[in-house]
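Please open the model in your viewer and keep the selection panel at hand.

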Amino acid sequence: MEKSRAQLTWSLVAIVGFLTVCPVVMLALGSFSQGLTAFGDLTFDKYVQAYTDPALLDVIVNTVIFVLGSSVLATVLALFLAYLNTRTNIPFKGLFTVLSIVPMMIPHLLFSVSWALLLNPTNGMLNTLLKNALALDAAPFNIYSLEGMILVEALLDLPVAYLIIAPAMASFDVALEESSRVFGAATWRTLLRVTLPVLRPAILAAFILGVVRSLASFAVPSVLGMPGRVNVLATHLYEMISLGFATDYGKAAAVGMSVLVTSVTLIYVYRAFTAESEKYVTISSRGYRPSVIELGGARLPLFAAVAFLSLLMIVLPVAVLLYTSFVPYTMVPSARAFAAMSLKHWHDVLDDPLSLLALKNSLLLAIGGATLGVLLSVFVAYVTVKVRTRASGILESLTFLSFSFPGIVIGVGFMWFFVQTPLYATLWALLIGYIATYLPYGVRPMASAFVQVHSHLEESSLVCGASHLTTMRRIIVPLLVPGIVSAWILMASMFIRELTLSVVLSRPGTEVLAVQILKFSDDGLWGKLSALGIIMIVISTTLVIAATFVGMRFKAADN
Amino acid sequence: MRTLFVMAALLLAAQAHAADKSLLDAARKEGRVAFYANITAVEPIIKAFSVDTGVKADYTRIASPKFVATTITEFDANRLSADVVQAPVPVLELLKARGILARYPSPAAAGYPDWARKDDTMTLFGIEYVGLIFNKEQVKAADAPKRYQDLADPKWRDKIVMANPANHPSTISWLIGLKETVFKSDAEWMKFVQGLAANRPMFVASFGPTPAPVESGEKAIAISMPKYIITKAPAPLDWARLEQPLLGTPRAIAVTSKAPHPNAARVFVDYWLSKKSMEMLAKDVGEYVLAPGIYPPVEGMSTARVLPIRELSDEEIQKWGGEFKKIFALK
Amino acid sequence: MEIRIRGLSKHYHAEGKTIKALDEVDLTIPASEIFTLLGPSGCGKTTLLRCIVGLESPDAGEISIGDEVVWSKARGIALPPEKRGLGMVFQTYAIWPHMNVFDNVGYPLQVRGVDRALVRERVAATLRFVQLEGFENRPATKLSGGQQQRVALARALVAEPKVILFDEPLSNLDAKLREETRKELKAFLGKLKITAVYVTHDRVEALALSDAIAVMRAGRIIETGTPRKIYFDADTQFVADFIGRANLVKARVRSQESARTLVECGLGTIACERREFGAGAEVTLCLRPEFIHIVPGEASGDNVVNARIDSRVFVGEAYEVELRAGAEVLLARIDPDSELDIGDAIHFRLDPAHCLLVSS
């Protein structure tokens, strides 16, 4: 038992290590090498230069505020929504699923641009509206600020947090809450003293994923931070990379190394906080139907809050996207703008054979990549949760390795790595790169689902004579269906819009949607960009519906 | 004397034609050509090339910050698939220094200005020209700047959008170009830069996002590229007709030294520099090209003076980027 | 099938300390008996069970089941649990919530690739055996605790295992149900003639169910024997105290007689069941409350002690009283209809056969 677990652990360490360590090692080599590639004479100059930059301190302060602010906001919002959806009698629960998933499909660049159109201080649509309505002298909001960046990044990270927290909340053992109620604690107190502490692994996982993601985020800092002259790490790295023509990725990697160290430290902190995972085991055999809390008079106000949030997160940005895809150029809505609407951008995008090829490739990568990725994630999550040895700790950190490296740099790491292999310039390189980089999207939801499956359920299968594989297939996987669906959705919708790796690794024949998007964005063609963005959303929605449907069928089949 | 000249020219042309024929046959035998470029929206030329020559062209678009990294990584690993590379001159200079470029003086560049053929590896064919683009519904042509100095006028306060002068190489080069070729003295130039900074321009990451705020009316004027007047039509954009010349970093094209399809590469470069391609580039994409007599269909551009910026080293760009960061550091 | 365990050790490392969960355990569990591992929590009994079933790997030693060595450190044998062909009932039952009763019970056969029709037949027979006939299509989560327990038992039995193991299977049931289920279990196991290893910390369960009991403490087996032997004739104070309620009185050996050992203690001179101690040895006299018999009226003679009733508690089938005799306070049981009350002076007699001497 322990031996086979150790074997499994070490083989996973080898696989995941191979996937994630190679590009990072290439970057590490690059950061210590003279010249512009991964191989050169040893030098520490890049570190000296990178870390003696006087601007760095300011950048770090901004980054810390930005990252903590957005992760806290995203986690709190996700908790709020997950609790309302899974535990209360709030109406229109279907809305929550939509709310949690749609923003994930919007390319981050477009989401940020939408918010600039809504809340820029000069003529942002919402600002103008408020200014006129309240007879103000100046625009009430400025999206080009640290607060604006935090808001938009939090909204972008919210779906990930929700998809991790909601399944945990749904399979929570009600007895724990009920006993708190019996001992005289009111709903609120129960929530604070029992529900949240028991959900600690899922909450921490969501928070840490948010931290890592916002550290690596580039869209929000570049679209909203740069005009507001708020420099964070991602834009600082961009500055290092774009200044001059002989781009020195080694120097950027030198800065990236400390981001990496921060993230890996966070993972260890997380493991320490959740060390006694058995304490939180909640699904046992005695049924798992969460009780519903009557909201009473708060039902409608809370629903109004959710409706407002969905307006902010979905309706407005998607409406802006739709609108932008119809108007000939960037216009403030007006009678003239509506008169000028046409399908021109749509025709341009759909008539382009490259777009169709990109569409095919992206679909292939999303479905194939998410499936393979989830398969690997099931094993990795199993080991990180159920086998708590040093090796499993290493494994967990490994999954975060390329994920936590700033996006604009890790792509080059993968290029430096893949160019040494025959996979270079093939779809396989993209597939492997995607899985390696976004493995946490698969592992995190799976892990928080795993934490809740009592080890006896698995052990009894082994004692019954089932092999580990059979146990995985017949016992563990069916119990994990909600986690698996979450993981698949997260990965597939990420892969549909993946940009950072694609832009480096995509070649003629292996074009993907995001590369098309980037091309339009470099030319400032927001109309075509929006049309393609909506196509992406439609594809992702279809995938999500399909995944949810399959998940439900799978669950039903065994009951 | 004159007859001799004509005869010689005819002879050369005939020879060239024969050479063309055999080169094209060899290219067809190779079947394809791979093209790495930082220029966008050139798919129509790629398509036309394949139709006209029967050689399949694969176009990979690589943005400037990744261009050098990608090509030298592939070259060092013996995996460079590009037969032809196109990028700003400083980028190709870096590749040339590493031996990635082959010698190929294309006959198709015959009528180009002398400086377009600066050596026999790369041929300059266009200028990434920078101009002042304004929203003609918000700004009357008469109120548009007449000279660069006018941008420092406080009436443009909070109304300018530009790429971040601390990190956008083309904008940095443009500002230095102004110093060296337009302004009479460094002091006068510095006054202009400081005045521009005092007007608190909004910064974006590159030229790409500069027109959108002007189109929508968020800002009134952009330090941007006049080609957007073509690509973003019917947006209400116009360019400021300045008494001073427009400046830009030259674009160049070259054949790679270990090209897997060397003949197809030459055919491609010839085709690229031909009148037909350059007309497409000017007409469809609004590019400023060096082929004689071809201008982008931007009103007034055929009479404008457009000059290449001297090639700047990375050290200079970094140094000035740092300077501009300080000058523009206003909150 | 006989289970032989030799020199089994298992250590855990936690917070820099080494905990010996199993310390050189040697044990033979005879075939076709119900064998109980009894001990306080943390004594290593569950670890030992999990080592037998293969869910944990010992650090040293050897385990064989029947003729087959399933684990041997020295010989590098480590048969995984799924290859050991055992059955087990878990403390949590580990009923799979996503399956119905049929799939839960049929699972061991299904994973062995047994023909469908045969699976159906065997599941039905096993369910009949555990008195859950016709429950096949119930979702597992819709069962009561006792029913789940029986599903778990059916699952453990269905593949006719060589050995069946129980890890505190009754601890999640309420008192009445626990007693009923215990009896059922005894009846089921009695009919099956199967080797069963049962882990519990409940002495009543151990005494009622077992053919033999091994008492464990701190990773070691302290004593093994039949329930009667363990209860009446324990070798150590720990076992005597753990297996039932006992009054422990410090005593010193005065002399050995033919069938008796005489000791001096706070109760006077007491004749006890003979144990080989030298004169003057410090020992503990162990008296079970149910063997302290109050003698009516005046009484004197050997092993009669004068005492006073200090407290009295009615527990239904008896009064539990505290008797003060000199400096000692002894717990005793008297008839529920007794007239005796607090403060009354009484005498009690100790039968030397139930005066157990153990070394201190």
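**A tour of chain B**

Begin by selecting chain B: of its 331 residues, 51% count as buried, a residue being buried if 20 or more other C-beta atoms, placed from the backbone, lie within 10 Å of its own, exposed if 12 or fewer, and partly exposed in between. This is a predicted model, in which local features need pLDDT of at least 70 and side-chain atom pairs count only at pLDDT 80 or more, while totals for chains, interfaces and linings use all residues. Residues are numbered from 1 along each chain as its sequence is written, and chains are lettered from A and ligands numbered from 1 in the order in which they are written.

Next, display chain B as a cartoon. Its secondary structure comes to 11 helices and 11 strands; these are DSSP runs numbered from the N terminus, helices being H or I with at least four residues and strands E with at least two. The radius of gyration of chain B, taken over C-alpha atoms, is 21 Å, close to the 20 Å that the globule rule gives for 331 residues, so chain B is as compact as a globular protein of that length. The rule itself is 2.2 Å times the number of residues to the power 0.38.

Now colour the two domains of chain B. Domain 1 covers 17–127 + 250–303, and domain 2 covers 128–248 + 310–327; such bounds come from an automatic or database domain assignment. The C-alpha centres of domain 1 and domain 2 of chain B lie 28 Å apart. Where the domains meet, 15 residues of domain 1 of chain B are in contact with 12 residues of domain 2 of chain B, contact meaning that the C-beta atoms of two residues, placed from the backbone, lie within 7 Å. Select helix 4 (residues 89–97) of chain B: with 3 residues, this helix gives the most to the side of domain 1 that touches domain 2.

Finally, show chain C. No contact joins chain B and chain C, and their closest C-alpha atoms lie 48 Å apart. Chain C averages a pLDDT of 87, and 99% of its residues score at least 70; pLDDT is the predictor's confidence in each residue, from 0 to 100.
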